[in-house]
Every structure is written in structure tokens, then in C-alpha cells.
Amino acid sequence: MRVLLTGGAGFIGGHIAEALVARGHDVVVFDALLESAHGGGARSGREGMIVADVRDRDAVADALRGVDAVCHQAAMVGLGKDFADAPEYVGCNDLGTAVLLAETAGAGVRDLVLAGSMVVYGEGRYDCPRHGQVRPGPRAVDDLAAGRFEPRCPRCGNELTPGLVTEDAPADPRNVYAATKLAQEHLAAAWARATGGRATALRYHNVYGPGMPRDTPYAGVASFFRSSLARGEAPQVFEDGRQRRDFVHVRDVAAANAVALEAVRERPAGSFTAYNTGSGEPHTIGEMATELACAHGGPAPEITGGYRLGDVRHVTADSRRLREELGWRPGVGFAEGMKEFAGAELRSGPAGGRGRPAHA
Ligand SMILES: NC(=O)c1ccc[n+]([C@@H]2O[C@H](COP(=O)([O-])OP(=O)(O)OC[C@H]3O[C@@H](n4cnc5c(N)ncnc54)[C@H](O)[C@@H]3O)[C@@H](O)[C@H]2O)c1
Ligand SMILES: [Zn+2]
């Protein structure tokens, strides 16, 4: 199968390209080499790669020639610097997806796999001992500043037990990036209905592994910790370090994309299906920092009590649907993956090589 892979020069896209080639597929890599991801210097990509923006209709139309399926990874990622980034997020992620889908429809390509994200859920699942499953709202600044990090039952104020979120949980995007990732899904679903296409969204959890971008405002928490350790500094852990996440290895995410692409043509025309894509092994951010510091041989993490507005407390996925329907199994365990990541190369981005301190 010939696959158009947008964002193919990115962290996850690069691993997807490798996985697809290893399974005998043809890959057309398409990437704008965004400055926020790659720095200003990266203007020429690997050989054979199309360096263009998904908002460029003509470039997308050209790239779609002879293509059987689209794997859409291109997006501006992370929380960004501040709200001023909003137009750029919406441009890349939503206008970009709309242009890509319009051209895909025009080219008669019907199969799409989209990089989704757990951020569409907002907070994860919570249960109150009295009220059962509840949905706490965003945490108040006063609570965060006072070190009250755990969301409480919105009805009785009780402590809550975090659980695993399933694909049918209602969406509740809490920041601009999350809103754009949800809109991408809605656009993909609308495209499928309007054109008889078949769309699969893989809602990735916290992806980590070799080639992860260094600490930029757009990077994930594992890379902040990894970059601190590389500088000989202690990882700075926000809140009390007990936030629960699911860290899924990038090679497992790449494999999930490969199986999803191979299976998407079997789905009914007009369908959109979302799959949580997590390791199924929840850990706290503090545990991740400790594991990484041990494996790296660096200083122990420091719990700072700091916080970022828009961060959620706990979110961990139930990835059973992906296992059961697509036969995917994560192959890299937490300890093994963190050990490899502690010594892995990171991708230099805008801050790469310039010694810019994390959270400056
Ligand atoms: N890394 C994670 O933990 C994570 C979690 C959930 C979802 N995702 C999703 O996975 C996908 C890949 O993310 P990543 O972590 O590899 O990030 P990344 O920044 O390494 O890769 C994204 C790539 O997309 C390209 N790109 C961005 N906007 C573009 C545009 N308008 N036109 C063409 N190319 C464009 C960038 O140049 C970059 O190479 C994204 O859709 C992201 O939302 C990532
Ligand atoms: Zn309650």
C-alpha cells in the first residue's frame, strides 16, 4: 500500500515511516519542518521527502497521486507558550486537516488514520464513593497555588478514585491544543460521512522514546526530564508528582498506526472509529522521573509544587478496544523503555544545542 504520511519528519512520524517500510509499504513523507518543532535551520528534509505545508492545496494534491491511504500526523503539539499561539495551532491542526481532507476526497482516497490524543478527554475518569462516576471541572488557581492538586467530587467534595477512560467518555478539551485535536476528529468524521471514507483516530497517550524533541514549550514531560538529566540537573516535577499518566513507547505507537492503516479499508464506508493508544500500565509523573533519573545515573527528581494551568491531574486510558479489534499489543515495558530513553538521542529543536534551561 502507498501511504501519504503527513508530519513524517516528526518524532512519531519518523517511527511510523520506519514501521511502514519494514512491513513492505511505500511511504510518501510530507512535512513542513515547522520551526517550533525543528528550529529555523531545518529547511531541507531527508531525500524524497516533500517539504510543504498541509494547508497548501496544490502540494497536497500532488502528494496524493497514486496514494491508497493517508496517515495524518502533522500538527503543532504541546501546550505552547501562551494564548497568542492559538491562531497557529488552529491553522496547522484544523485548517490543515480540512485542506488535507478536501484534497483527499478530490483524489478519491478513502482511507485515513489520524493521530488523535488523550487530551480530548480533559480529566480522566473519576469515581466518588457516594456518587459513582463524576466529572470534575477544571481545577481552580487558588487550589493549585495552595497545593490542593486532587480534583474533588463536584457534588459532595469527597476525594475521588481515578480510573481508566474509555473511548465513549465525553470530550472535554481544556486548552487550545486539545480543542484543535478534537476538531481534527470531528472533521475526519464529517469527511468520512460526506465521502464514504473510513477514518480511524488513534488517541495516543504520552508518547516517549528515541528521537523525542528536546525541551521546548511544545515538547512532552518525558523530554523535559531527559534534557535536565543530560545537563546534569535534577528533573523538576510539577505538583506533587502523583499525577497519573500512561507512557507509551513510540515504536508501539508506530506499530498501532501500521495495523490501523492495514485494517481501515475493512471498516464500513462513512465510519469514524477512535481507539485509545496507551501501554495499559499507568504510572505517576514522579515515578517516571525517578525511573529515568536512575537509568541515567543522574540526580534524583525535585518535586517543585509548581503547576501549569490547563494541565489535568490524572488521565489514563483503557486501550482494550485497540487490542481486541486490531490485535495490537504494546511490546515495550515501562522500565525497559525508560532505560532505553535515558540514553537515547533526542531531536534538537529550536532550543537544541543552545543550552536553554527547561521552564525558563
Ligand atoms: N508526542 C505525544 O506524546 C503525542 C500525544 C498525543 C498525540 N500526538 C499527536 O501525534 C502527532 C505527531 O506528534 P509528534 O509528537 O511526533 O510531534 P512533532 O512535532 O515531532 O511532529 C509533528 C510534525 O508535523 C509537522 N507539521 C506541523 N504542522 C504542519 C503543517 N501545517 N504542515 C505540514 N507539516 C506540519 C512538523 O514539522 C513536525 O515534523 C501530532 O498530531 C500530535 O498531536 C502526540
Ligand atoms: Zn460525591
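Helices and strands here are DSSP runs, numbered from the N terminus. The model is a predicted one.

**A loop residue.** G137 sits in the loop that links β7 (132-134) to α5 (141-145). Is G137 buried or exposed? G137 has 11 other C-beta atoms within 10 Å, so G137 is exposed. Now compare its position with that of N276. In sequence, G137 and N276 are 139 residues apart. In space, their C-alpha atoms are 22 Å apart.

Nonpolar side chains tend to be buried together in soluble globular proteins. In this model, the largest nonpolar core has 95 residues. Helix α8 (residues 250-264) gives the largest share of this core, 10 residues. Which residues have the most contacts inside the core? They are V3, L4, L5, V28, A69 and A188. Take V28 from that group. Leaving aside residues up to four places away in sequence, V28 touches R2, V3, L4, L5, I50, A63 and V67.

**Around the ligand.** There are 31 residues around ligand 1. Of these, G7, G10, F11, A32 and A75 come nearest. Several elements build the shell. At least two residues each come from α1 (11-22), α2 (35-38), α4 (86-106), β5 (111-117) and β10 (206-208). The largest share, 3 residues, comes from α1. The table sorts the shell by class.

| Class in the shell around ligand 1 | Count |
|---|---|
| nonpolar | 17 residues |
| polar | 10 residues |

Notes
Residues are numbered from 1 along each chain as its sequence is written. Chains are lettered from A and ligands numbered from 1 in the order in which they are written. This is a predicted model: local features need pLDDT of at least 70, side-chain atom pairs count only at pLDDT 80 or more; totals for chains, interfaces and linings use all residues. A residue is near a molecule or strand if its C-beta atom, placed from the backbone, lies within 6 Å of it. Helices (H or I, at least four residues) and strands (E, at least two) are DSSP runs, numbered from the N terminus. Ala, Val, Leu, Ile, Met, Phe, Trp, Tyr, Cys and Pro count as nonpolar, Asp, Glu, Lys and Arg as charged, and the others, Gly among them, as polar. A nonpolar core is a set of buried Ala, Val, Leu, Ile, Met, Phe, Trp, Tyr and Cys residues joined through C-beta atoms within 7 Å. A residue is buried if 20 or more other C-beta atoms lie within 10 Å of its own, exposed if 12 or fewer, and partly exposed in between; C-beta atoms are placed from the backbone. Two residues are in contact if their C-beta atoms, placed from the backbone, lie within 7 Å.
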